[in-house]
Amino acid sequence: STMYDQTFVWEANENWEQTQASNDSFQTLWDGFLSDNIVYLIRNDNYYTAGGNTDEVYNAKIKHVQYKVQQTTQMVPALQSQDIDVADPSATQENLNEIEATSFLSYSTIETAGYGYIGINAKFIPNIYIRRALMTVFNPSYVQDYYPGTLSRPVYRSFSTTSWVYDAFDDAGVEAWAPTSYYGFDDSFATARDLLYEGDCTYDSDSNTWYDENGEPIEITLTIAGETYDHPAYQTFIRASEILNANGIRATVVNDARALFKLASGDLAVWAAAWSSTVDPDMFQVYHMDSQATSVLNWGYDYLITQDMATDEEREIIEELSDKIDEGRETIVQSERAQIYREASDLVMDLAVEFPLDLLVGLAGTGGIDAHEVGNAGLMLPVKPDAPLGVAVGDGPLELAHDVLRLLHQEHAALGDG
């Protein structure tokens, strides 16, 4: 599909690599599909489907969709100028005020199927006790301060609270799960100090410097994923850096526009980002020792397992965690799986590679059409009849793309035939 009313047919191998394009060259196909950071899609008039909120067979109601790369901080202004039609801006008080002040924008809230987190890569911080010490100076309450009202709440384990892993299963005698902070926040540094000593670290009071087990000064870089410091975890990182610097660990907070690309190859030490997840708590892809997903590179599994650099304690945790994940895949009984994954999540915390931060209650909006809950996408829709639908993609383009395309196939979400 292209920006023009033409369709180029192309073939791909099993790795989704293009092998042949008919009607024109690949360069022409590329130029038509992507231009100036906009991806142009056109409805396939030969495709029909069923489902959604109708029993009828139907096609998409909107013919043209354009995905435009847009800085998160510019999403609301672009919506107000009607440069774009759909976006998922952060649910900050400033954004809410701007949306409410714009007559053709509206919103509702939904719980997102995901959560924010702080990651720690064991390749860069191989001492598990240093990783655990870091977790005692992360205060998730600052994230709740970033969002107004009840649009954010703490998550203490590696699951969105939309997952049934938290549910009660009365028939099986399984109570609802309400985990609390695993390490606790301690701004006195006392808990961190004990963990550092337990990890064979040393402290020089004359220079106010902590040294790791190899005698090297401990230095930490805390990375905000994105082009700006306008991030829910920024104040959590700032407060952590203040505590660390005051107590002998040099800590620096930086932002990195390419952070998400670096995560794919496991090239960040400590960072703040967010996952998308599903209601099923299966943990194989993200935490299993046999996972081939790039997500395990975030934790440094390539260093710990492939390079065999894990300590006996770390290997025991990873193996037990992987066994739990396998056990959870051997039954379809939710009550049994819930208990297994609850135990497995404690092992993730014990390994100290992920610090869950918060669940977001995202924005979902309408602009003259019926409201739909759309997964984890936050939508503000000013209606422009008979015009292409412009969709801004920021931190989660793949998830937003899936959600918006699902919306477009709902009969009552029609904006007309344009």
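Modeller: Gladly! Accessible areas come from the Shrake-Rupley method with a 1.4 Å probe, and for residues only the protein chains shown count as cover. By that method the accessible surface of the protein comes to about 20100 Å², of which 47% belongs to carbon and sulfur atoms. This is a predicted model, where local features need pLDDT of at least 70 and side-chain atom pairs count only at pLDDT 80 or more, while totals for chains, interfaces and linings use all residues. Residues are numbered from 1 along each chain as its sequence is written, and side-chain values use heavy atoms, with hydrogens and water left out.

Biologist: Why does Pro-179 count as buried?

Modeller: Buried means under 20% relative accessible area, exposed over 50%, and partly exposed in between (1.4 Å probe, protein chains only). Pro-179 has 16% relative accessibility, so it counts as buried. Across the protein, 46% of the 418 residues get that label.

Biologist: Where is Pro-179 placed, and what is it in contact with?

Modeller: Pro-179 is in the loop between strand E10 (152-154) and helix H6. Helices (H or I, at least four residues) and strands (E, at least two) are DSSP runs, numbered from the N terminus. Contact means heavy atoms within 4.5 Å. Leaving aside neighbours within four places in sequence, Pro-179 is in contact with Tyr-156, Arg-157 and Tyr-166. The C-alpha atoms of Pro-179 and Tyr-156 are separated by 6.2 Å, though the two are 23 residues apart along the chain.

Biologist: What makes the buried residues of H6 line one face of the helix?

Modeller: The buried residues of H6 (residues 190-198) are Ala-192, Leu-195 and Leu-196. Seen down the axis of H6, they fall within an arc of 100 degrees, so they line one face. That arc is the one spanned by the directions from the helix axis to the C-beta atoms. Their cover includes helix H4 (128-135) and strand E12 (209-211). Just after H6, Asp-200 takes a positive phi of about 65 degrees.

Biologist: What makes a set of residues a nonpolar core?

Modeller: The members are buried Ala, Val, Leu, Ile, Met, Phe, Trp, Tyr and Cys residues joined through side-chain atoms within 4.5 Å. The largest such core here has 81 residues, and Val-270 and Tyr-287 have the most contacts inside it. Helix H13 (residues 334-351) gives the most to this core, with seven residues. A second, separate core of seven residues includes Leu-79, Ile-84, Ala-87 and Leu-105.
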